[in-house]
Amino acid sequence: MTDLIDRLAGGSELSDDEWRFLIEGDYERQLLFNKADEVRRQYYGTDVYIRGLIEISSFCKNDCLYCGIRRSNADAARYRLSEEEILACCEQGYGLGFRTFVLQGGEDGFHTTQWVERVVSDIKGTYPDCAVTLSLGERPREDYEIWYQAGADRYLLRHETASRSHYEKLHPAEQSYRQRVECLWNLKEIGYQAGAGFMVGSPFQGMEELIADMRFLKAFQPHMVGIGPFIPHHDTPFAAYPPGSMTLTLTMVALTRLLLPRALLPATTALGTIHPQGREFGLKAGANVVMPNLSPANVRGQYSLYDNKVCTGQEAAEGLAALRESVAQAGYQIVVDRGDAL
Ligand code: 5AD
């Protein structure tokens with residue numbers, strides 16, 4: 001087993017059986033997590049990068065079956081931040097030490113190309129030493145180009161699953177896997193640091209799907225990979241499905257660190273939601289990024305992708321001092337830095 005881990009870390013192609021064993025086999029996970037931590041330290045030392053997450057809109061035209069802000073959820077609370085509110089979040093975040101701002105939102109038709117362009121260039125004009133990450137879903141290539149020209153540095157667009165048939169079980173027919181992946185390639189070609197990612201334990205996911213995710217990551221070579229457990233939301237068709245497992249999620253994070261040693265891997269909010277120490281465990285399994293919530297406190301509860309999503313305490317930007325402390329306890333250090341991919 002340790003030679004399998006070494007082969008993965010050494011860049012070897014693994015067979016399906018070998019992947020299957022690493023993902024679900026009966027072996028001591030701590031060995032895998034330790035190796036992932038060793039590789040992470042080789043490349044990034046003990047630095048943990050922080051991103052101020054600003055959830056700019058809970059309106060969404062999509063209908064992903066797993067997501068609480070899907071358009072069919074008539075009970076979802078909807079809000080949209082103004083540019084002034086977003087800039088106020090950045091001001092607060094800058095003071096706290098954030099040097100990356102992530103603008104994330106549902107696919108909100110109100111966000112015209114020009115509106116986003118202006119927000120990006122205003123943030124970059126005010127904070128030229130900061131990176132701006134966008135996470136606004138699928139858009140025409142032209143929009144991505146315009147936003148890149150305006151100064152956006154990075155883009156997060158999880159592929160969600162790298163199996164077409166599985167993708168079709170998680171999304172309505174109008175959303176296609178082909179288009180998702182095309183967007184990702186466009187982002188990368190334009191020059192963004194591009195982030196892919198997937199949920200662990202989403203309904204109908206099996207070993208084949210997780211192996212496909214790893215093969216996709218190897219082919220796409222993203223700069224960032226967001227990996228979190230699926231967590232049911234009570235107002236979605238997947239309300240009754242069980243959440244993904246923490247150990248399996250940590251396993252996928254660690255395997256991703258070995259597959260892509262230079263990647264920026266967040267210890268995700270979903271991981272912090274399924275276990276009180278999920279975030280620390282994520283860091284110890286190869287993750288090197290945390291994304292505290294920098295949205296205005298009054299809207300935070302309304303960006304409800306899944307049930308019980310944590311957005312207070314150390315998940316919140318105001319909890320940064322406490323987060324700094326627990327990250328230090330885990331053996332790492334939060335740094336004031338843009339935290340670009342190597
Ligand atoms: N459980 C876990 N993650 C979810 N996301 C959306 N809904 C859920 C859920 N129920 C994730 C998706 C999306 C990101 C913004 O949140 O992977 O890309």
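Asn 288 sits in the loop that links helix H12 (278–284) to strand E8 (289–290); helices (H or I, at least four residues) and strands (E, at least two) are DSSP runs, numbered from the N terminus. The model is predicted, so local features need pLDDT of at least 70 and side-chain atom pairs count only at pLDDT 80 or more, while totals for chains, interfaces and linings use all residues. Residues are numbered from 1 along each chain as its sequence is written, and side-chain values use heavy atoms, with hydrogens and water left out.

With a relative accessible area of 0%, Asn 288 is buried (buried means under 20% relative accessible area, exposed over 50%, partly exposed in between; 1.4 Å probe, protein chains only). Beyond its neighbours within four places in sequence, Asn 288 is in contact with residues including Arg 40, Tyr 44, Asp 47 and Leu 283, where contact means heavy atoms within 4.5 Å.

Among the buried residues of H5 are Trp 115, Val 116, Val 119, Val 120 and Ile 123. The buried residues of this helix pack against strands E2 (52–57), E3 (100–105) and E4 (131–135), and against helices H4 (83–96) and H6 (141–149).

Turning to the whole protein, 14 helices and 9 strands are present. Of its 342 residues, 60% count as buried.
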